[in-house]
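The sequence and structure are shown below.

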Amino acid sequence: MTFPVYLAYKDSGVEWLGEVPEHWAVHPLKRAIERIESGTSVNAADFPAEPGSLGVLKTSCVYTGKFDWAENKTVDDEDLSRVSWSVTVRPTHLPDSSS
(Lines give C-alpha, C1' and ligand atoms only; values in the text may rest on other atoms or scores of the structure.)
Protein backbone atom coordinates (compact mmCIF):
# COMPACT_ATOMS: atom_id res chain seq x y z
CA MET A 1 0.00 0.00 0.00
CA THR A 2 1.34 3.45 -0.85
CA PHE A 3 0.20 6.84 0.30
CA PRO A 4 0.54 10.25 -1.34
CA VAL A 5 3.59 12.30 -0.32
CA TYR A 6 2.83 15.84 0.89
CA LEU A 7 5.17 18.83 0.99
CA ALA A 8 4.87 19.50 4.72
CA TYR A 9 3.87 17.49 7.79
CA LYS A 10 3.02 18.33 11.40
CA ASP A 11 2.78 16.38 14.64
CA SER A 12 -0.78 15.05 15.00
CA GLY A 13 -0.72 15.28 18.78
CA VAL A 14 -1.75 11.62 18.86
CA GLU A 15 1.13 9.33 19.86
CA TRP A 16 0.19 6.29 17.76
CA LEU A 17 -0.70 8.40 14.71
CA GLY A 18 2.53 10.37 14.45
CA GLU A 19 2.83 13.04 11.76
CA VAL A 20 0.05 14.00 9.36
CA PRO A 21 -0.01 16.32 6.33
CA GLU A 22 0.19 19.93 7.48
CA HIS A 23 -3.20 20.87 5.97
CA TRP A 24 -5.06 18.07 7.80
CA ALA A 25 -7.18 18.73 10.88
CA VAL A 26 -7.01 16.08 13.60
CA HIS A 27 -10.18 15.63 15.67
CA PRO A 28 -11.55 12.95 17.99
CA LEU A 29 -13.34 10.23 16.01
CA LYS A 30 -16.57 10.94 17.92
CA ARG A 31 -16.77 14.33 16.15
CA ALA A 32 -16.75 12.72 12.71
CA ILE A 33 -18.86 9.58 13.23
CA GLU A 34 -22.57 10.03 13.68
CA ARG A 35 -23.47 6.36 14.08
CA ILE A 36 -21.86 2.93 13.89
CA GLU A 37 -24.09 -0.10 13.57
CA SER A 38 -22.98 -3.60 14.34
CA GLY A 39 -22.15 -5.73 11.34
CA THR A 40 -22.41 -9.41 10.61
CA SER A 41 -21.15 -11.73 13.32
CA VAL A 42 -18.18 -13.63 11.92
CA ASN A 43 -15.86 -16.31 13.23
CA ALA A 44 -12.70 -14.75 14.59
CA ALA A 45 -9.63 -15.90 16.47
CA ASP A 46 -9.25 -14.33 19.92
CA PHE A 47 -6.02 -12.48 19.15
CA PRO A 48 -5.47 -9.06 17.56
CA ALA A 49 -5.27 -8.74 13.80
CA GLU A 50 -1.77 -8.46 12.38
CA PRO A 51 -0.87 -5.64 9.97
CA GLY A 52 -2.38 -6.46 6.58
CA SER A 53 -5.07 -8.76 7.98
CA LEU A 54 -8.68 -7.91 8.79
CA GLY A 55 -9.90 -7.65 12.35
CA VAL A 56 -13.22 -6.88 13.99
CA LEU A 57 -13.70 -4.79 17.11
CA LYS A 58 -14.68 -6.44 20.37
CA THR A 59 -17.26 -4.75 22.60
CA SER A 60 -14.48 -4.36 25.16
CA CYS A 61 -12.92 -1.69 22.91
CA VAL A 62 -15.17 0.89 24.61
CA TYR A 63 -15.64 -0.54 28.13
CA THR A 64 -13.54 2.17 29.78
CA GLY A 65 -15.31 5.02 28.02
CA LYS A 66 -12.31 5.47 25.72
CA PHE A 67 -11.74 3.70 22.42
CA ASP A 68 -9.03 1.00 22.63
CA TRP A 69 -8.06 0.04 19.07
CA ALA A 70 -6.10 -2.96 20.35
CA GLU A 71 -9.34 -4.67 21.44
CA ASN A 72 -9.94 -6.49 18.18
CA LYS A 73 -9.70 -10.03 16.93
CA THR A 74 -8.59 -11.58 13.66
CA VAL A 75 -11.29 -12.66 11.21
CA ASP A 76 -10.96 -16.29 10.09
CA ASP A 77 -10.05 -16.51 6.39
CA GLU A 78 -13.18 -18.48 5.50
CA ASP A 79 -15.38 -15.66 6.91
CA LEU A 80 -13.70 -12.68 5.21
CA SER A 81 -16.44 -12.44 2.58
CA ARG A 82 -19.11 -12.16 5.33
CA VAL A 83 -17.65 -9.06 7.02
CA SER A 84 -19.99 -6.07 6.83
CA TRP A 85 -20.48 -2.79 8.67
CA SER A 86 -22.35 0.48 8.52
CA VAL A 87 -20.81 3.82 9.52
CA THR A 88 -22.54 7.18 9.11
CA VAL A 89 -20.07 10.07 8.76
CA ARG A 90 -21.17 13.60 9.62
CA PRO A 91 -21.29 15.58 6.34
CA THR A 92 -18.96 18.27 7.77
CA HIS A 93 -16.20 15.65 8.11
CA LEU A 94 -16.30 14.14 4.62
CA PRO A 95 -12.94 14.33 2.85
CA ASP A 96 -12.45 17.30 0.54
CA SER A 97 -11.47 15.89 -2.84
CA SER A 98 -9.66 19.10 -3.76
CA SER A 99 -6.96 18.62 -1.09
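## Charge and surface

In this predicted model, the chain carries 9 positive and 15 negative side chains. The centres of the positive set and the negative set are 10 Å apart.

The accessible surface of the chain amounts to about 8,300 Å². Carbon and sulfur atoms account for 56% of that surface. Of the 99 residues in the chain, 14% are buried.

## Fold and dimensions

The secondary structure consists of one helix and seven strands. Along the sequence these elements occur in the pattern β-β-α-β-β-β-β-β.

The radius of gyration of the chain is 16 Å, whereas a compact globule of 99 residues would have a value near 13 Å. Taken along the principal axes, the box filled by the C-alpha atoms is roughly 40 × 30 × 30 Å. As for contacts between residues at least 6 apart in sequence, 50% of them join residues at least 24 apart.

## Residue T74

T74 lies in strand β6, which spans residues 72–75. Its relative accessible area is 13%; because this is under the 20% limit, T74 counts as buried.

The side chain of T74 reaches the backbone oxygen of P48 at a distance of 3.1 Å. P48 is also one of the residues that T74 touches when those up to four places away in sequence are not counted. On that basis, the contacts of T74 include N43, A44, A45 and F47, and also A49, E50, S53, L54 and G55.

## Residue G18

G18 is located in the loop between β1 (9–11) and β2 (19–21). Is this residue buried, partly exposed or exposed? With a relative accessibility of 23%, G18 counts as partly exposed, because the value falls between the limits of 20% and 50%.

When neighbours within four places in sequence are left aside, G18 is in contact with K10, D11 and S12. Of these, K10 and D11 fall within the range 9–11 given for β1.

## Relation between the two sites

Definitions and conventions:
Residues are numbered from 1 along each chain as its sequence is written. This is a predicted model: local features need pLDDT of at least 70, side-chain atom pairs count only at pLDDT 80 or more; totals for chains, interfaces and linings use all residues. Side-chain values use heavy atoms; hydrogens and water are left out. Helices (H or I, at least four residues) and strands (E, at least two) are DSSP runs, numbered from the N terminus. The radius of gyration is taken over C-alpha atoms; the globule rule is 2.2 Å times the number of residues to the power 0.38. Buried means under 20% relative accessible area, exposed over 50%, partly exposed in between (1.4 Å probe, protein chains only). Contact means heavy atoms within 4.5 Å. Accessible areas come from the Shrake-Rupley method with a 1.4 Å probe; for residues, only the protein chains shown count as cover. Lys and Arg count as positive and Asp and Glu as negative; His and the chain ends are not counted. The place of a charge is taken as NZ of Lys, CZ of Arg, CG of Asp or CD of Glu. A polar contact is a pair of N or O atoms within 3.5 Å; within protein, one must be able to donate a hydrogen and the other to accept it, and residues adjacent in sequence count only if both atoms are side-chain atoms.
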